[in-house]
Each structure stands twice: as structure tokens, then as C-alpha cells.
Amino acid sequence: MSDEPQSTLTHAVPERAEPQVAGETVLELAGVTVELGARRILDDVGFRLKAGELTGLIGSNGAGKTTLLRVILGLLEPTRGTVTVNGADVGRSVGYVPQKFMLDPDLPVRARDLVALGIDGQRLGVARPSRERRERVARMLGAVGAADFADARVGRLSGGEQQRVLIAHALISHPSLLLLDEPLANLDLHSARAVVELLARIAREQRIAVMISAHEMNALLPVMDRVVYLADGRAACGRAEDVVRADVLSRLYGHRVEVIRAAGRVLVVAGEGDDAEPTHPHHLDAEEH
Amino acid sequence: MQALLHAIVEPGFFADGAVQTAAALGGVVAVVAGLIGVFTVIRSQAFAGHALSDIGSAGGSSAYLIGLAPLWGFVGISVLAAAAMERIGVQRARGRDVATGVVLGVGFALASLFLYLGMTYHNASGEIPTILFGSVFTLSASDLPLVMGLGAVALLVVLTLYRPLLLASVSPELAAARGVRVRLVGGAYLLALAITVALCDLTIGAILSTALLVGPAAAALRLTGRPHRAALLAAGISLACTWLGLLLAWDSFYWPPLRHGWPVSFFIVTLVLIAYLAAGALARGQTKRG
């Protein structure tokens with residue numbers, strides 16, 4: 001794949017008027033390519049995120065979702081391309097909720113302590129306790145609906161409760177961009193819906209660009225303003241109804257896929273036979289320019 | 001309780017110079033071990049801590065061979081071993097046990113060599129139990145400044161790195177996303193751990209020192225869910241076990257079968273175990289009531 005020449009941008013989707021509510025650009029990726037040895041993990045990915053919008057980063061396991069998030073966080077230098085946060089190079093105004101991790105139930109860290117570490121956990125020394133600090137943590141816990149278990153050890157909380165605490169940890173430093181890596185994995189339907197609604201509300205009310213990675217998009221469909229669909233390291237970007245279409249995704253995957261809509265849900269399945277598109281486009285972009 | 005009263009009645013315990021030195025040295029080491037040990041338990045590095053202390057027997061025995069104070073041997077070999085573990089990959093969850101195991105094996109090989117040489121050429125058979133099982137009563141007051149200095153270095157490292165270390169211990173990913181240099185912080189902690197282990201080697205012996213490092217911390221973690229409270233509580237439990245252990249050891253001079261005293265390290269480690277079990281019972285009681 002890597003011996004192919006760099007092709008020009010292919011507009012897979014006709015341009016549409018931008019909704020007036022969208023805010024300023026918070027994150028811009030242009031031509032981001034990540035190569036590890038001979039493998040190309042991300043291939044010329046470019047898109048923009050705007051304040052107040054919720055974006056789904058959709059793709060199957062191994063599609064490059066976590067790599068893309070690591071690039072945005074500045075933990076991984078792209079081989080080519082640029083990442084711009086708030087007009088500057090990757091700064092510290094990115095909140096991050098990592099993929100579900102197992103916390104030791106005996107860990108002596110309360111929900112409250114973990115949120116406080118979100119204020120200044122990277123600083124040296126011990127935090128000086130103050131009423132202002134305590135109240136700020138309490139307000140944040142209240143805002144994500146975590147006040148009831150603020151004094152419980154984080155390792156003993158349920159998956160949905162831990163997500164709320166981690167979201168509070170990420171939000172308390174007032175980021176302009178919030179990234180969440182598979183926050184809905186391992187959550188039951190009810191908790192997943194509650195977390196998604198919380199994130200949508202946060203995006204709207206606090207004018208933050210929120211990006212949620214998921215291998216399954218249905219839980220995000222009702223609230224997603226925009227989708228970045230990853231397959232084999234390539235991305236198709238735009239509104240969900242413009243990207244999640246048989247023709248766009250078939251070109252992205254390089255073989256025939258069908259998009260089935262039933263009962264308000266979307267299913268992407270491999271199509272009949274192996275009649276792949278002859279063009280095999282190198283890049284796909286549904287982003288308005 | 002009876003033992004305590006008995007000792008208070010007998011003026012010998014508090015007046016004895018060896019006891020005072022042991023109480024001071026043992027006390028300093030106990031507090032450092034408790035505070036540092038909480039992070040050892042949180043970071044699941046108890047095995048690494050244990051390996052560092054076992055390797056300490058190689059340091060103690062080699063120091064004896066070349067005529068140095070054992071503490072220098074303990075510190076030197078612990079720090080070297082910690083550096084080796086770091087190189088092999090003790091901070092990666094998957095490489096952790098392998099890195100520790102490899103270094104532990106080499107350490108034991110060296111220990112067996114040095115102990116053998118010591119026995120053969122220096123007739124050091126009396127020193128070996130001291131290196132392996134410690135004897136806080138045999139320490140000299142002149143060790144105190146060095147022990148306090150080393151303890152201060154370990155505490156300073158952990159206090160300076162407190163927030164990033166705690167965050168990295170909860171989740172390396174969360175810490176890295178905030179710009180914490182996770183590996184550097186982990187390496188610095190490993191250094192503090194190596195120093196602490198060396199101090200424990202000195203007071204309760206290379207074989208038993210993990211008990212003092214991990215036991216009070218594990219007991220404290222059962223009792224409180226707050227990080228700094230856990231650290232202070234662990235230091236308190238560790239100090240109480242050490243001092244009570246000294247007292248019992250002093251008293252055991254009149255105990256059967258030998259009427260020659262039982263080893264003090266035995267008492268300290270047993271008390272640590274009792275504290276751990278008691279903390280478990282207390283924690284279970286709390287959950288039932290709650």
C-alpha cells in the first residue's frame with residue numbers, strides 16, 4: 001500500500017452548508033500519516049473539530065482509532081502531516097479519557113481525589129488544600145452526576161460511574177477539546193445512553209469539541225454532529241448521513257459494503273461477492289472545505 | 001499489655017544504650033518504609049521490592065568481604081539492581097515479573113558466592129544471620145546520620161513527585177496525557193524504593209525487609225481510601241510494630257527455651273502480619289455496618 005503514489009483529495013460527498021451554531025475550529029488535522037516500520041497505521045487523515053460539536057470516531061478494532069487519539073494528544077509524532085489545537089501546536093488544553101482500564105479496588109484514591117488530580121496532577125509536590133479547590137472539585141462531580149459516589153474508591157465503582165469520574169477528571173482543567181477512547185465499551189445500554197447524553201450536553205453547554213471513539217456507532221447516532229469513519233488507517237469525514245452510506249464506505253474499505261438501516265439503527269456489513277471498486281481510492285474526504 | 005507494663009516497671013529497657021539506638025534507627029526506617037511502601041503496593045511492585053531486598057544480601061555480604069559497613073553494600077547493590085530492572089523493563093506490566101526475576105536470580109548467585117567466600121576466608125558465620133535476618137540491636141549510633149540522610153533522600157523523591165507519581169500509579173495513560181514523563185517518574189520512584197529497601201535490610205534483614213515495606217502499607221490501604229492518609233497510617237503502623245517488636249525482643253531475654261532472647265526481626269514481622277490481619281477484620285466490620 002505504501003508504494004502507491006500520493007493521490008489527490010477525492011470529494012466523496014457534495015458540500016453542504018455549515019450549520020450556523022458551529023463554533024470556531026478547535027482542532028485541525030491535515031495530511032496526518034503514521035508509519036510504524038513498513039506498516040501504515042494512519043494514511044493522510046485530515047479533518048476539523050469545532051467547539052460545541054460532538055464527533056464520533058468510528059472504526060473496527062485495529063482501524064487506527066487509538067493511534068489517531070495518541071497523535072492528537074501529542075503522545076505520538078506523525079510521520080507526516082500537522083495537528084493544530086486551538087490554532088497552536090498540540091498544547092495542554094486537551095482532556096482525555098483513556099480506554100477502559102482495570103483499577104485495583106483497593107487503590108486509596110477516591111473519586112474526589114482523582115478529579116482533583118485533573119486540576120494539577122502533573123505538577124510537582126503535594127497539592128495545598130483549600131476551600132476553593134474542594135468546592136471546584138465538588139461542583140465538577142455534581143456536573144457529571146458523580147456527587148453520590150464522590151467518596152468511594154474509584155476502583156470499586158461500576159463502569160458507568162468510573163466513566164463519569166474520568167470525564168470530570170478530564171473536564172476540570174477547562175479543555176477546549178475532550179477525547180474519549182471507547183468510553184461505551186463494557187457499559188450496559190442504560191449506562192451507555194446516560195454517558196452519551198452527558199457528553200452531548202457538555203459539548204453544547206460548555207462549547208467544547210468532544211470526540212468519542214467507538215467500534216459501534218449506534219449509541220452515538222442520536223447525538224453525533226459529525227463522524228470520522230476510519231478503515232485501514234484512512235478516514236472519511238462529515239455528517240453521519242453523508243458518510244455512513246454504501247458508496248462512501250465501499251470506497252473507504254476498498255470493497256463492497258452495504259449500509260442497512262432498520263428500527264433507527266445502522267448496520268455496516270460486507271457486501272455480496274468480492275467485486276471491489278476498481279479505482280481503490282487512496283484518500284477519502286467528506287469534510288467541507 | 002502485660003509485657004508493656006513489665007518493661008515499664010523494669011527500667012532497663014529505656015536506659016539501655018543499644019535499645020535507644022535501635023529505637024531511633026528502627027523508628028526512622030519504619031516511618032520511611034511505611035510512607036514509601038504505600039506506593040509500592042499501589043504500583044504492584046511488591047515483588048520488585050522483595051527482589052531488591054533479597055539481592056541486598058549480596059550487597060551486605062560483599063561489603064563485609066571488602067571491609068565496608070553493610071549499609072553501603074545494601075544501598076549500592078539495591079540501586080544497581082533497580083537500575084538493571086529499569087533497563088530490562090520493570091515498568092512494563094508484561095515485562096515486570098521477568099525483569100524482576102532475572103535480576104533476582106543474578107542477585108542470589110552473587111549472594112551465594114559472597115557468603116561462601118565470607119565463610120571460607122573470613123570465618124564470617126556469625127555475620128551471615130545478621131545480614132540475612134538483621135539485628136537492629138547490634139547497630140551503632142554512628143549509623144544514625146547516614147540512615148537519616150538516606151531516608152530523607154527517599155522521602156524527598158516521593159514528596160517532590162507526589163502528584164505525578166500518584167496519577168501515574170492510577171493510570172500511566174492519564175498521566176502521559178497530562179504531559180507527565182511517566183517513565184522518568186517511575187524510575188525516580190524505583191530509586192527511592194531501592195534506598196528504602198536497603199534501610200529495611202539493615203534493620204530487619206535482607207530476607208525479611210519486604211514485610212516492613214509492604215505489610216504496614218497493605219494494612220493501611222485496607223483501612224483508608226485516601227492516599228495521604230494511607231501513607232501516614234502506614235508509617236504509624238510500621239513504627240508501632242517496630243517499637244513493640246523491640247520491646248518484646250528485650251523481654252524475650254527471659255523466655256524459654258534458651259533464655260537468651262528471640263530475634264527482634266521475628267517479632268517485628270509477626271506484629272506486621274497481625275496488624276495486616278486486624279486491618280482486614282476492621283475493614284470487613286466497616287463494610288458490614290455500612
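View 1. Take the contacts in chain B between residues at least 6 apart in sequence: 74% of them join residues at least 24 apart. The model shown here is predicted. Of the 290 residues in chain B, 52% are buried.

**View 2. The fold of chain B is built from helices.** Chain B holds 14 helices and zero strands. Read from the N terminus, its elements run α-α-α-α-α-α-α-α-α-α-α-α-α-α. The radius of gyration of chain B is 19 Å, and the globule rule gives 19 Å for 290 residues, so chain B is as compact as a globular protein of that length. Along the principal axes, the C-alpha atoms of chain B fill a box of roughly 60 × 55 × 30 Å.

**View 3. Tyr116(B) in helix H6 of chain B.** Tyr116(B) sits in helix H6, which spans residues 96-122 of chain B. This residue counts as exposed because 11 other C-beta atoms lie within 10 Å, and the cut-off for exposed is 12 or fewer. Ser61(B) is 55 residues away from Tyr116(B) in sequence. In space, the C-alpha atoms of Tyr116(B) and Ser61(B) are 9.3 Å apart.

**View 4. Chain B against chain A.** Here 24 residues of chain B are in contact with 23 residues of chain A. Four helices of chain B each supply at least two residues of the side that touches chain A: H8 (144-160), H9 (162-170), H10 (172-177) and H13 (227-251). H9(B) gives the most to this side, with six residues. By residue class, the side of chain B that touches chain A divides into 15 nonpolar, five polar and four charged residues.

How values were computed: Residues numbered from 1 in each chain as written. Chains lettered and ligands numbered in written order. Predicted model: local features only at pLDDT ≥ 70, side-chain atom pairs only at ≥ 80, totals over all residues. Contact = placed C-beta atoms within 7 Å. Nonpolar A, V, L, I, M, F, W, Y, C, P; charged D, E, K, R; others polar. Rg over C-alpha atoms; globule rule 2.2 N^0.38 Å. Buried ≥ 20, exposed ≤ 12 C-beta atoms within 10 Å, placed from the backbone.
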